[in-house]
Amino acid sequence: MTAITGATLENRLRRHVNALAGDIGERNVWRPEALESAARYIEAELSGIGYEVAAQSYGTHGASCRNLEVTVPGRSKGIVLAGAHYDTVAGSPGADDNASGVAGLIEIARALRTVEPACTVKLVAFVNEEPPFFFFGEMGSKVYAEAARRRGDDIRAMLSLEMLGCYSDARGSQAYPPLLKWFYPDRGDFIAFVSNLRRAASSTRWCARSAPEATFRGTPREPRLRAGVSWSDQLSFWRAGYPALMVTDTAFFRYPHYHQPTDTPDRIRFPEMARVVDGLAKAIAVLASAQTG
């Protein structure tokens with residue numbers, strides 16, 4: 001696995017978020033040139049690492065849209081997939097939602113470039129996660145997951161990287177859905193793993209494996225939120241019958257700039273984000289190496 005120092009990783013994450021949320025800004029089908037600029041940026045970064053980037057193209061709302069995929073080949077038929085959406089909600093530059101997830105995906109791809117896992121790792125930048133596509137529309141992840149099911153892809157685990165950049169040490173900085181506040185910390189200094197109840201057991205095992213690597217100051221381990229939450233691209237994989245979970249800083253339960261014009265790169269805490277991305281890369285490598293058959 002390619003070693004990346006903390007400072008170097010932090011600087012690279014900052015560069016990606018600044019490019020996507022600062023230079024390009026709001027990116028969606030209502031701003032197709034910006035959406036395509038984001039796709040070209042991601043494609044160039046992944047190609048620059050040494051990957052061949054495959055595009056899954058489709059049209060919607062008068063715009064040409066692309067999912068972008070790279071592959072770390074394995075020895076068995078199983079697949080571990082991580083993905084992040086690169087579009088934004090209308091009116092927001094989308095630094096945390098979701099330039100942070102895309103930045104993490106690019107750097108995970110860099111870290112895994114020299115890995116030879118037991119099963120294949122696929123890393124996918126999804127288009128069109130935000131409304132009006134979310135839940136009922138042609139989400140990029142829906143298009144991808146349905147095609148994967150038709151092909152018979154053996155996806156053993158899918159991780160949706162959804163907002164990785166907001167952290168706070170302040171008491172009361174973390175909110176929760178009803179009842180959960182009695183079980184989890186009130187400081188927003190952790191990363192959460194979210195699954196539906198049907199997949200809770202496998203998600204818990206994966207989280208237990210990743211927790212030692214993805215922890216950071218103030219958090220001995222990540223809380224695992226296992227409610228039936230469907231806030232991001234993991235929903236498309238649940239619907240296609242694949243085990244999937246969301247990795248998130250918990251969005252509006254912590255981040256007051258969620259879906260706002262103020263979701264800008266200066267809001268991101270890159271040192272904490274770098275530690276999480278490093279931990280996720282290591283955990284994905286372990287998970288992919290543990291899969292056989």
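Author: By class, the residues that line the second largest pocket divide into 8 nonpolar, 3 polar and 4 charged. This is a predicted model, and in it the pocket has a computed volume of about 170 Å³. Of its 15 lining residues, the closest to the centre are E129, E162, W231, Y258 and H259.

The stretch of chain around one of these residues also deserves a careful look. Most residues other than glycine have a negative phi, and most peptide bonds are trans. N128, however, has a positive phi, near 60°, although N128 is not a glycine, and this residue is found in the loop between β4 and α4. P132 lies in the loop between β4 (119-126) and α4 (140-151) as well, and the peptide bond that joins P131 to P132 is cis, with an omega of about 10°. Another cis peptide bond runs from D97 to N98, where omega is near 10°, and N98 belongs to helix α3, which spans residues 95-111.

Two packed helices are described by the angle between their axes and the distance between the axes. For helix α1 (residues 6-24) and helix α7 (residues 270-290), the axes come within 9 Å and cross at roughly 105°, which means that α1 is roughly perpendicular to α7. On the side of α1 the contact is made by G6, L9, E10, L13, R14 and V17, while α7 contributes F270, P271, M273, A274, V277 and D278. Sorted by class, the residues of this contact are 8 nonpolar, 1 polar and 3 charged.

Finally, there are the aromatic rings, of which a search of the whole structure finds 9 pairs. A pair of aromatic rings is described by the distance of the centres and the angle of the planes. One of the pairs, formed by Y176 and F190, is stacked, with 6.5 Å from centre to centre and 5° between the planes. Y176 and F190 each lie in the loop between β5 (154-162) and β6 (192-194), so the pair ties together parts that are 14 residues apart in sequence.

Definitions and conventions: Residues numbered from 1 in each chain as written. Predicted model: local features only at pLDDT ≥ 70, side-chain atom pairs only at ≥ 80, totals over all residues. Heavy atoms only, no water. 1 Å grid on protein atoms, 1.4 Å probe; cavity = no way out; pocket = protein on both sides within 12 Å on 5 of 7 lines; lining within 4 Å. Points joined across faces, edges and corners; volume = space filled by probe spheres on them. Nonpolar A, V, L, I, M, F, W, Y, C, P; charged D, E, K, R; others polar. Axes fitted to C-alpha atoms, helices over the stretch in contact; angles between N-to-C directions. Helix = DSSP H or I, 4+ residues; strand = E, 2+ residues; numbered from the N terminus. Parallel < 35°, antiparallel > 145°, perpendicular 65-115°, else oblique. Contact = heavy atoms within 4.5 Å. Phe/Tyr/Trp six-rings, centres within 6.5 Å; stacked < 30°, edge-to-face > 60°.
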